[in-house]
Amino acid sequence: MRIAVVGGGPGGLYFSALTKQLDPASEITVWERNAPDDTFGFGVVFSDETLGGIEHADRAVYEAMQREFARWDDIDVHYRGEVLTSGGHGFAAMSRKRLLQILQERCADLGVDVRFRTEAPPVNELAAAYDLVLGADGLNSAVRRSRAEAFAPTLDVRRCKYMWLGTDLVFDAFKFYVEQTPYGVMQIHGYPFDPTGSTFIVEMHDDVWLRAGFGAFADRSFAPGDSDHESIALVCELFADVLGGHQIRANNSRWISFTTLRTESWVDGNVVLLGDAAHTAHFSIGSGTKLAMEDALALAACLAEEPDVKAALAAYDAERRPVVLSTQRAAQASLEWFENLGQYVHQEPPQFAFNIMTRSRRVTYDNLRLRDPEFVAMVDDWFADHEVRRGVAPAQRGTRPPMFTPFRLGDLELANRIVVSPMDMYVATDGLANDFHLVHLGGKALGGAGLVMTEMVCVSPEGRITLGCTGLYADAHEAAYRRIVDFVHGSSAAKIGLQLGHSGRKGSTRLMWEGIDEPLAEGNWEVFGPSPVAYSPANQVPRELTRPDLDRIRDDFVAAAERGARAGFDLLELHCAHGYLLSSFISPIANQRTDDYGGSLDNRLRYPLEVFDAIKAVWERPTTVRISATDWVEGGITASDAVVVARAFADHGVDAVDVSTGQVVKSERPAYGRSYQTPYADQIRNEVGVAVIAVGAISSYDDVNSVVLAGRADLCAIGRAHLYDPQWTLHAAAEQDYAGSGARWPDPFRAGSRRPQGGRTDGPKPRLQLIREGTPATAHTRYRPHRTP
């Protein structure tokens with residue numbers, strides 16, 4: 001087999017060595033335009049998982065690397081004059097230059113033809129002459145560029161500037177230095193890589209970079225290999241306390257805006273991409289070298305396992321793409337966290353440290369507690385005290401999982417931080433809630449949640465989404481909901497909230513299981529909207545609302561709120577999300593009016609705020625508002641707009657903002673994923689200062705604890721997980737061995753408050769220790785370099 005490899009970095013060399021080892025008869029040629037001793041960057045970091053793969057794949061490479069490793073377990077967060085340490089993480093780093101030397105030597109030993117200082121021939125020529133062409137030539141890949149139509153790359157240039165530097169200061173752990181400078185907040189990512197030095201990455205938001213004057217230094221042409229020494233001098237000045245007299249080292253060190261690369265395909269015929277040529281992930285969750293070497297291992301293995309190149313490349317794509325996409329999602333969360341670092345610098349050190357540790361959502365509350373229980377216990381203690389100090393929770397004995405900390409919303413006391421999210425059931429007749437709703441909402445209340453929300457209760461017959469939606473526009477509706485409210489109050493510790501809304505242009509549609517958002521086959525009613533713009537080509541074009549229409553619908557909301565108050569609801573939520581009527585006013589996609597209710601965001605907010613103010617005039621209990629923080633479509637509401645929307649409702653007296661997204665247009669393209677809407681809630685909470693409810697693909701108690709403890713939200717709304725398990729909250733308490741007031745089992749259920757036994761076990765173990773060893777302490781290994789005399 002003849003293989004052409006374009007790029008002699010770690011990924012290309014490691015692939016070549018592995019493939020030659022598996023098939024010594026293969027002919028492998030590597031083209032590398034740089035000299036063998038040219039390298040850019042300083043250290044590279046590996047996880048234990050990746051090292052395990054390297055060890056089994058090529059023992060010679062692993063043993064050579066192992067002799068070079070700097071190893072440690074701790075992460076130190078330097079913030080506001082304090083150092084907070086979390087242990088048990090497990091790092092191994094080494095010099096990038098030494099890694100290349102090891103891989104070059106291994107390739108030479110195996111007979112790989114590596115051609116340094118040589119440009120590769122054109123890709124089409126290689127593809128015709130070789131069985132396989134591997135593009136391992138980095139972010140600026142010539143291979144990818146030559147076949148851009150097939151690989152379909154997208155480049156997302158981000159909003160922070162960073163610079164790779166080194167220092168002769170040898171750190172003893174991974175270091176985050178978060179510094180308030182005269183120009184704004186900046187951060188250092190630092191870690192040791194050998195006994196002589198450490199990687200020292202300085203990063204800041206573009207706005208801070210410009211205020212500091214770095215833009216003026218960078219505004220010139222640099223020769224290949226040159227560094228921005230004027231900027232480096234200012235970095236040394238700004239971080240003199242960190243450096244403590246040590247020197248900064250430069251190596252092609254210039255400002256970079258991180259670019260996230262995604263490609264629709266990694267394969268085109270017999271040409272395949274690997275590493276940064278195919279994908280990038282922000283350096284804050286690991287090195288690109290690590291990903292490239294994992295790619296190399298998978299590709300070499302697939303070539304050995306599959307019958308031909310085509311099958312091997314298909315297997316490689318199928319195996320690696322899900323892993324890389326998962327890594328990119330985590331990296332994106334981490335990248336965005338650092339872009340928005342300024343919104344967290346008001347946090348106290350314990351919360352900030354927990355927040356930075358869990359920023360990617362890969363490390364969670366439970367995961368961190370497993371690594372370092374002392375660290376998490378410290379943050380738990382801080383959180384319990386902090387919530388008392390800010391007046392949202394009473395003093396309590398002992399610590400508890402954050403999700404079971406009480407929360408005060410206005411005058412309403414909630415036993416815990418769990419909300420049963422509003423979920424339409426579509427089983428009402430003529431708007432009337434029935435026994436199904438009693439069992440649904442009553443069952444969720446018995447399941448331990450602090451707050452149970454109704455589905456969107458419609459304020460008029462024409463305001464219904466479907467014929468199965470409930471309403472609160474008749475005396476019978478009020479009586480039906482009073483029955484449900486009385487059951488919740490009488491049989492559980494939960495509070496119950498009323499969500500009021502009007503379907504707007506999304507009305508007159510079928511039941512969810514008959515075709516969600518599809519218009520009725522017969523019996524349609526007229527739908528309304530801010531403008532005559534349909535939700536989708538299949539839906540009705542709404543009639544544009546006139547001033548009398550607006551007044552009538554506002555009054556319908558007020559009448560429904562009055563009925564809700566008489567029914568005994570504890571809280572009212574105004575539904576201004578998901579493309580329903582009030583949401584349509586806020587979105588520029590649906591609202592194209594030219595009067596006082598259209599145009600600017602302030603104008604588009606005018607009617608929803610008028611409705612909210614009118615409700616507040618008759619409703620004296622706490623209120624929330626649900627918003628869509630993005631329309632997930634070009635030209636729609638953005639995260640920055642959502643901050644303005646939330647601030648407007650906060651100024652009008654809302655007690656909390658329930659932060660959802662989308663469903664405003666059928667053509668939306670949401671970025672689904674675990675807790676995918678939480679960053680929007682996080683931004684609103686930390687920029688506006690209002691209480692927020694996070695919602696959307698939050699399904700584990702571990703995620704709830706992480707979100708609440710990091711200060712990303714005050715409450716978490718759980719939807720589908722409650723359909724799967726109506727006693728989700730009580731079961732979460734049992735799983736965490738929590739039996740306090742934040743999770744109250746109804747007396748008839750109390751006998752089931754412990755997890756039932758599973759299947760067969762091996763039975764009790766005999767004691768085989770004469771002296772008990774006790775609980776092992778957290779690993780707090782620091783790097784202690786051994787210098788050769």
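**Grounds for the assignments**

Modeller: In this predicted model, eight strands with parallel pairing make a closed barrel in the order E20-E21-E22-E25-E26-E27-E28-E29. From one strand to the next, the twist averages 25°.

Biologist: What makes strand E28 and strand E29 a pair?

Modeller: Two strands pair if at least two bridges are found between them. Strand E28 (residues 691-695) and strand E29 (residues 715-718) have three bridges, in the parallel sense, and therefore they meet the criterion. Within this pair, Ile-693 has Leu-715 of E29 as its bridge partner.

Biologist: Which helices pack on this sheet, and at what angles?

Modeller: One of them is helix H20 (residues 547-567), which touches strand E22 (495-501) and strand E25 (571-576) and makes about 165° with the direction of E22. Helix H24 (residues 678-688) touches strand E26 (623-628), strand E27 (656-660) and E28, and its direction makes about 175° with that of E28. Angles here run from 0 to 180 degrees between N-to-C directions.

Biologist: What is the order of the open sheet, and which are its edge strands?

Modeller: The open sheet has six strands in the order E8-E2-E1-E9-E17-E16, with mixed pairing. Strand E8 (113-116) and strand E16 (267-268) are called edge strands, as each pairs on one side only. Elsewhere in this sheet, strand E1 (residues 2-6) and strand E9 (residues 132-135) are joined by four bridges in the parallel sense, with Ile-3 partnered by Leu-132 in E9.

Biologist: Which helix lies across E9, E16 and strand E17?

Modeller: Helix H13 (residues 309-339) does, running at about 20° to E17 (271-273). Gln-328 belongs to this helix.

Biologist: Why is Gln-328 called buried?

Modeller: Buried means under 20% relative accessible area. Gln-328 has 6% relative accessibility, and therefore counts as buried. Leaving aside residues up to four places away in sequence, Gln-328 touches Thr-260, Leu-261, Arg-262, His-279 and Thr-280.

Biologist: How do you know that strand E12 is largely enclosed by the rest of the structure?

Modeller: The count is 11 of the 11 residues of E12 (residues 184-194) buried, so the strand is described as largely enclosed.

Biologist: How many bridges join strand E12 to E11 and to E13?

Modeller: Seven bridges join E12 to strand E11 (residues 174-181), and the two run antiparallel. Val-178 is placed opposite Gln-187 of E12, and a hairpin through two residues connects E11 to E12. E12 also pairs with strand E13 (residues 197-205) over eight bridges in the antiparallel sense. There Met-186 faces Met-204 in E13, and E12 and E13 form a hairpin with two residues between them.

Biologist: Why is Trp-513 called exposed?

Modeller: Exposed means over 50% relative accessible area. Trp-513 has a relative accessible area of 53%, and so is classed as exposed. Trp-513 lies in helix H19 (residues 512-515).

Biologist: What makes Met-512, Trp-513 and Ile-516 a patch?

Modeller: Patch members must have over 30% relative accessible area, and nonpolar side chains are joined within 5 Å. The value of 53% for Trp-513 is given above. Met-512, Trp-513 and Ile-516 form a nonpolar patch on the surface, and together they have about 340 Å² of accessible area.

Definitions and conventions
Residues are numbered from 1 along each chain as its sequence is written. This is a predicted model: local features need pLDDT of at least 70, side-chain atom pairs count only at pLDDT 80 or more; totals for chains, interfaces and linings use all residues. Side-chain values use heavy atoms; hydrogens and water are left out. Patches are made of residues with over 30% relative accessible area and no salt bridge: like charges are joined within 9 Å, nonpolar side chains (Val, Leu, Ile, Met, Phe, Trp, Tyr) within 5 Å. Accessible areas come from the Shrake-Rupley method with a 1.4 Å probe; for residues, only the protein chains shown count as cover. A salt bridge is a side-chain nitrogen of Lys or Arg within 4 Å of a carboxyl oxygen of Asp or Glu. Buried means under 20% relative accessible area, exposed over 50%, partly exposed in between (1.4 Å probe, protein chains only). Contact means heavy atoms within 4.5 Å.
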